[in-house]
Amino acid sequence: MSGGSDSLHPRCGRRQFAVVALLATAALGFSETDAGRERAEAWARWNAVHDDAYPLDDVLRWLPDGERPACDKSTIVAYRGTTIRYAGAVFVHPAFAERLARFETVVAEVAREVYGREPRRIHHYGAYNCRPVRTLRHLLSEHALGNAIDVVGFDFGPATKTTPLPAGLPKALKFPFEVRVLRHWNKTEGTAAIHARFLAALTEQLERRPDVFRSMFGPGHGGHDDHLHLDVSPWRWVDL
């Protein structure tokens with residue numbers, strides 16, 4: 001997404017490009033294996049030319065009609081976090097584990113700006129899951145590659161002498177608290193509005209960091225009311 005992608009709006013341009021490509025795939029019969037392979041290689045070349053190569057870009061994602069995905073679990077590793085721990089191991093491809101480490105850095109930076117401290121835990125619904133996309137049955141889910149995570153929220157510990165509560169925040173936030181997508185997304189009153197500001201700032205910063213994720217779905221995308229879906233699909237698609 002670097003390089004030539006600068007000419008595309010990060011929220012709309014590449015998203016529209018991805019949608020058009022996916023619809024064309026279905027319309028032109030790219031569900032057949034050979035054509036799907038050609039499409040995968042084309043995406044990989046596109047990203048490489050734009051200085052955005054990724055090890056999973058050339059993986060075949062288009063499934064023959066009616067065929068169940070065959071997933072390779074041999075590459076999946078258990079990842080528990082580098083700078084912030086996850087509430088339970090995340091099973092992912094090693095390349096995606098590197099992106100999660102970058103994600104933790106962004107989470108910490110935004111959290112310190114909003115709360116004066118970073119979270120202790122990242123809660124999630126999991127990562128690896130061998131299945132197609134629920135709304136596009138001919139397309140392999142990024143979860144099937146260990147290339148996506150569904151983030152539910154964050155747990156914060158108490159403020160300390162070295163991580164004091166910033167001026168102007170409610171004193172209640174000196175104590176441990178939770179931030180959850182379901183409870184706090186787009187809220188406008190009380191401490192919930194502060195948590196909404198954190199979630200908004202986090203997703204905005206992730207959009208500005210093309211080296212972390214390419215696609216992000218949130219409550220504005222059907223079936224994602226309670227979590228953020230984050231992945232490194234070959235295309236960029238943001239719908240929050």
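Modeller: Happy to. The torsion about the S-S bond of cysteine 71 and cysteine 130 is about 85°, so this disulfide is right-handed. The two sulfur atoms sit 2.0 Å apart, and a disulfide here is a pair of cysteine sulfur atoms within 2.5 Å. By that rule the count comes to one disulfide. Cysteine 71 lies in the loop between helix H2 (33-49) and strand S1 (77-79), and cysteine 130 in the loop between strand S4 (121-126) and strand S5 (132-133), so the bond ties together parts that are 59 residues apart in sequence. Helices (H or I, at least four residues) and strands (E, at least two) are DSSP runs, numbered from the N terminus. Cysteine 71 is partly exposed, at 23% relative accessible area, and cysteine 130 is partly exposed too, at 32%. Buried means under 20%, exposed over 50%, and partly exposed in between, with a 1.4 Å probe and protein chains only.

Please keep in mind that this is a predicted model, in which local features need pLDDT of at least 70, side-chain atom pairs count only at pLDDT 80 or more, and totals for chains, interfaces and linings use all residues. Residues are numbered from 1 along each chain as its sequence is written, and side-chain values use heavy atoms, leaving out hydrogens and water. The chain averages a pLDDT of 89, and 86% of residues score at least 70; pLDDT is the predictor's confidence in each residue, from 0 to 100. It stays under 50 over residues 1-17 and over residues 23-31.

Now to S4 and its partners. S4 pairs with strand S2 (residues 85-86) in the parallel sense over two bridges, with arginine 121 as the bridge partner of arginine 85. Two strands pair if DSSP finds at least two bridges between them.

S7 in turn is among the elements that give two or more residues to the largest nonpolar core, which has 49 residues. Such a core is a set of buried Ala, Val, Leu, Ile, Met, Phe, Trp, Tyr and Cys residues joined through side-chain atoms within 4.5 Å. Helix H3 (94-115) gives the most, with 12 residues. Beyond its neighbours within four places in sequence, leucine 202 is in contact (heavy atoms within 4.5 Å) with Phe103, Val106, Val107, Val110 and Phe154.
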